[in-house]
Structure formats: structure tokens, C-alpha cells
Amino acid sequence: MISLKQLLAPAVIGLALAAPAAAQDQEQMQKNLDDKMAKEFVSNAAWVTDYDEARKIAKEQGKVIFVYFTRSYSP
Amino acid sequence: MEGGLLTTPEFATFTEKVVPFLHVTTRIEGRAHEGLLREKGGRGFPTLMFLDAEGEILGEPGGRDVASFDKTLGALMAIKDLEKRIAAGEKNLDDDLFMAQLAMGQFKTVKEIEEKAQSFKKLTEEQKSTIAKAIVAKKVEEAMNNMERGPDGQAKLGKKFKAIYDEGIYPEGDMEGPFWGFLMEYAESEGDAKTMEVALDHVKRIFGKEEWAKGLIEEKEASLKKIKEGGEDVAEEEVVEG
């Protein structure tokens, strides 16, 4: 079961958010990302996956950016 | 979410009104913008937010359904419209813009909200109430961001939330869940059944439909029952002794 901290205190995730994996795990991390990008939800919308590109399109089309932040390193 | 909402035709239709940007934190070394969620103040997965073309945060959706996404988008467009009208010289729109920005959480600190609010001489009771709620939500957010790690930090946070609770104004929006959750924990640790019951009711309202929350809620209900029974025992003993 997920702990209360995980459920209700997302702040505690802290530093773990962007910490890179050990070098030997890099191959696995790439595979995890590939698996994530193959999921059905990714093909359901015209997602832009590059931040700079998203900002460029927003500027050109006068639209706001809707970001969905997710992760691939862990389920 | 990825197996549900984000796969629906309604969501696909919504994304046509915005630039849908998918950011994946991968832990792959050297990947561009890997730490973007953290840069934007995100605290967990998944996180949803609206950004402008410069990458500035405009707001977060009020809920995790397409209707909430649409509602937030509508509010953001209304702010954009007010800004344009003010820039074009239209008068008496500053308070409308302030209230709209407040509703979207576009102020970064309690101080910023308070200073801006003071610049308005005439505010309606409704506006005052909205400001008070926004200040409380920001106080909760600031307390969360400054939380010390470990059990002590959690206890201190719970104590702060209890003080806010005692003042009678509660946060709405994103800070609701953490507020009631930590308050529930704190009240449980203090054996405060009355506060725990109120907080647990809010946790059930906010997270009750979520599969992952069911076990937690059951556990807390059992704990509350135990605290109440303990309290009743003490009361009975007191009566006997009296």
C-alpha cells in the first residue's frame, strides 16, 4: 500500500525527482522511456515532447501550453 | 490517468485547444530539460499545469477531468482578455484581474497577495473571503515547501495546519489534499478524535473514489474508532470517579 506521505505529501519527493540513474542503469532507463512512449495515451493526442518546440508552437499559434508531467524511471 | 482519462476522445478534443506537452522524467543522463518538473515547482507525478509561451506557469487545473481542464482554460483566457483590455486603456478592471489571477493561483507568496490586496480600497465581502482563502492556500503551500524532513518535520507541519484549521478558513484547490491529510495525521498522533474525524471526512471526499486510498481510509477509520473508544472509556471512568 502507498504510504500517506506518498499520497498526500508530494513535497517529500524532493531531490529524488531529477536524480539521474547509475550509469549501468542507463540502458534500462532508455528502455523504460521507450515503453512509456509506446503507451496508448501517447498516441491519443498530438503531444509535443520537446519543451522548446512546445513554446515555439504556443507563440506561433497564440495558445497556452498544457503540460502533463509523468515519469518513466518507475511505474 | 494514463490508462483512463488521457486515452479518451474527450481529452483528445481538449488538446486541440492548447499545445499538449508531454514531459517525461527519465533519469537518463544529459537529457534536455530532464529537471523541468522540479524547475516548475512540481512535487510529484503526475502533475498537470498550464504554461504560457515563455514557459511561465499560468495555473494548474482545478481537477483531473476534461471539464476542469476546460474551466481552467476558460479562466486563463478571461485573464488574457482582461490584460488586453487594461493594456488598451480600459479603466476599473484591476480588481477583476486581481481576483481572476488569485483564483488561478498566479501569486507566488503570501506577502505578494497581501500587498496587492492592500492596494484596493474597496473590496466586497465576497472578494475579501476569496483573498482570505487564497492566503490560507498559499500559507499551506509555503509550509509544505519548507517542510523539514523526517517525523519531526511532519509533526511541525501538522501543528501549523492545526493552527490554520483553528482559525476556521481552509484551503481549496491543490492544497486541500495535503492540508487535510497532514491534519488528519497530526490529530491522530495527538489523540484528537474531533479534528481527526473532520479531516478524515475531507480526505474521504477528496480521495475516496481513488482505488489506492481505500486501504488508507479504512486504516484511519479503524484508528479513529479506537481513539474514540479510548476517549469514551476515559470519560466513563471520570464519571465513575466523580
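Mentor: Begin with strand pairing: two strands pair if DSSP finds at least two bridges between them. Helices (H or I, at least four residues) and strands (E, at least two) are themselves DSSP runs, numbered from the N terminus. This is a predicted model, in which local features need pLDDT of at least 70, side-chain atom pairs count only at pLDDT 80 or more, and totals for chains, interfaces and linings use all residues. Residues are numbered from 1 along each chain as its sequence is written, and chains are lettered from A in the order in which they are written.

Trainee: Which residue of β1(B) does A:Tyr68 stand opposite?

Mentor: In β1(B), A:Tyr68 faces B:Leu22; in β2(B), A:Tyr68 faces B:Leu48. β1(A) runs parallel to β1(B), with 7 bridges, whereas β1 of chain A (residues 65–71) runs antiparallel to β2(B), with 5 bridges. A:Ile65 has B:Leu51 as its bridge partner in β2(B).

Trainee: How many residues of β1(A) are buried?

Mentor: A residue is buried if 20 or more other C-beta atoms, placed from the backbone, lie within 10 Å of its own. In β1(A), 6 of the 7 residues are buried, while buried residues make up 24% of the 75 residues in chain A. Along the sequence, chain A has the pattern α-α-α-α-β.

Terms used. Buried ≥ 20, exposed ≤ 12 C-beta atoms within 10 Å, placed from the backbone.
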